[in-house]
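Hello,

Here is the structure I promised to pass on. My notes follow below it.

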Amino acid sequence: MGHVDHGKTSLLDAIRKTNVTLGEAGGITQHIGAYSVDVNGRKITFIDTPGHEAFTSMRARGAKVTDMAILVVAADDGLMPQTIEAISHIKAAGIPMVVAINKMDRPEANPERVKQQLTEHDVLPEEWGGSTICVPISAKTGLGIDRLLEMVLLVADMEELTADPTQPAAGYVIESKIDKGRGVMATVLVRNGTLHVGDYILSGISSGRIRAMMDYNGKSIKEAGPSTPASVLGFSDVPVAGDKAYVVEEKLAKDIIYERKTKLQEEKSNANNGITLEDFLKKSADHEMKVLNIIVKADVNGSSEALKQTLEKIKNDEVEVKVIHAAVGGITEGDVTLAQASDAVIIGFNVRPEAKAKTLAEHNGVEIKNYSVIYDAVDDVTAAINGMLTPKFEEEIIGHVEIRHLFKISSVGTIAGSYVQDGRVERGAKARVLRDNIVVADTEIETLQSGKDQAKEIKAGFECGIKLRGFNDIKVDDIIEVYVMNRI
Ligand code: GDP
């Protein structure tokens, strides 16, 4: 991943040239958007993410299709808007990254500046005490590429990325299309288990028995193990890029599809899956969410930085604000996709969404809020997170009442002729009945009387009549502990 022109394609080409064994002469070379290379006898599979159809939709589902990202940054240009966006995506996906500082052959190359800029975006290079490995390379001369690949394997080892090839295959569809001659073709990246010709495969609402499989070179294969991309023939319909794919029994697959289709129809009317500040309130009331993710887009860098810093200071005991991406420019489709994938709200400061982004946001229920005064944004976000607090209450004992007489009134129940020992008693207050210091009931003061009159409150030193809600089994000498719950 990386900014346009920083050398992603050149790097992939350079890797392919030295590490990919080409398909047999005359064989149909099938570009399947993913291929494997051999490094010291170990395989690395690359997914061509620049503009890759699957990547956006996978991100939107929060799926983890890659184990690792390589962030390509040109050493002469340094971090650019799309680099920063890529960092946000990588972080949101929770995957490790290796930074390739490219174009080192150029005289203006300044890797130290790149590292400095990375630090500003919370990516701390290893040599500066962080955990991100940065490798200076040149896609043009080939400098550092071997080391880059070794570092990828090293990170894989450190992260203990493993899979079990003996399981039935599970993976993701990364591309799909209809081929005129052959029917539905889907590229499946196996994540765990092994996929075989003859397996019954299910993805979303399409399924089928695998008739044939090809590797990235278009060469026919019988099986594909973990981290292997395979072009699969046999799906009945075109599966959706980004969807999971599993090997299951045919009967089960059909049942699942039936269920999914029914559910889809039900959900058709309200297909929103983004988030609004109001949703966030509801969600957090269920204690699900404790971080409000925000994406900031502003007219100038000063504003985006100021907003980011100010917003990130907003927090209370339960919720904090995290600006997952802040950049200059209009609100793009990429921003909306990122927002959707990370349950974030987009805040625009003196900028407006592009028409396509607006439609996408409306369609997916992603909230975009526009401001031209920083404090308005701060006020709204503060109100949102405070509104989200689960209300907290603290008990306050306001008085004690001693029961001295009982009056049984058939239509009402038992009235306690009482004396307020200390504090006060209020109608509607909570009441615990204590008998020999044991709580025998916890209810509330339903009615309160002073003589024959109804009273709201009786103070210490006075007598009163009390009827407890739902509890008549009181006795002389019981003590009523009167308390209220104060909201804090
Ligand atoms: P992408 O948009 O990130 O895929 O970038 P490309 O791979 O298309 O590269 C953009 C331009 O930078 C092309 O003109 C490449 O020839 C050039 N380029 C890529 N890598 C290097 C490098 O290591 N050194 C130099 N000097 N040029 C490079």
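Is Cys 464 buried or exposed? Cys 464 is buried, because its relative accessibility is 7%. Buried means under 20% relative accessible area, exposed over 50%, and partly exposed in between, with a 1.4 Å probe and protein chains only. Cys 134 is buried too, at a relative accessible area of 6%.

Before the rest, some ground rules. This is a predicted model, so local features need pLDDT of at least 70 and side-chain atom pairs pLDDT 80 or more, while totals for chains, interfaces and linings use all residues. Numbering runs from 1 along each chain as its sequence is written, and side-chain values use heavy atoms, without hydrogens and water.

Disulfides: the count is zero. A disulfide here is a pair of cysteine sulfur atoms within 2.5 Å.

Now the ligand. There are 15 residues around it, and Asp 5, Lys 8, Thr 9, Ser 10 and Asp 105 come nearest. A residue counts as near if one of its heavy atoms lies within 4 Å. The shell holds two nonpolar, seven polar and six charged residues. Helix α1 (residues 8–19) gives the most to it, three residues.

Polar contacts (pairs of N or O atoms within 3.5 Å):

- Thr 9: a polar side-chain atom is 2.4 Å from a ligand oxygen.
- Lys 8: a polar backbone atom is 2.8 Å from a ligand oxygen.
- Ser 138: a side-chain N or O atom is 3.2 Å from a ligand oxygen.

On its own, the ligand has 580 Å² of accessible area, and the protein covers 73% of that. Areas come from the Shrake-Rupley method with a 1.4 Å probe.

Best wishes

Terms used:
A polar contact is a pair of N or O atoms within 3.5 Å; within protein, one must be able to donate a hydrogen and the other to accept it, and residues adjacent in sequence count only if both atoms are side-chain atoms. Helices (H or I, at least four residues) and strands (E, at least two) are DSSP runs, numbered from the N terminus. Ala, Val, Leu, Ile, Met, Phe, Trp, Tyr, Cys and Pro count as nonpolar, Asp, Glu, Lys and Arg as charged, and the others, Gly among them, as polar.
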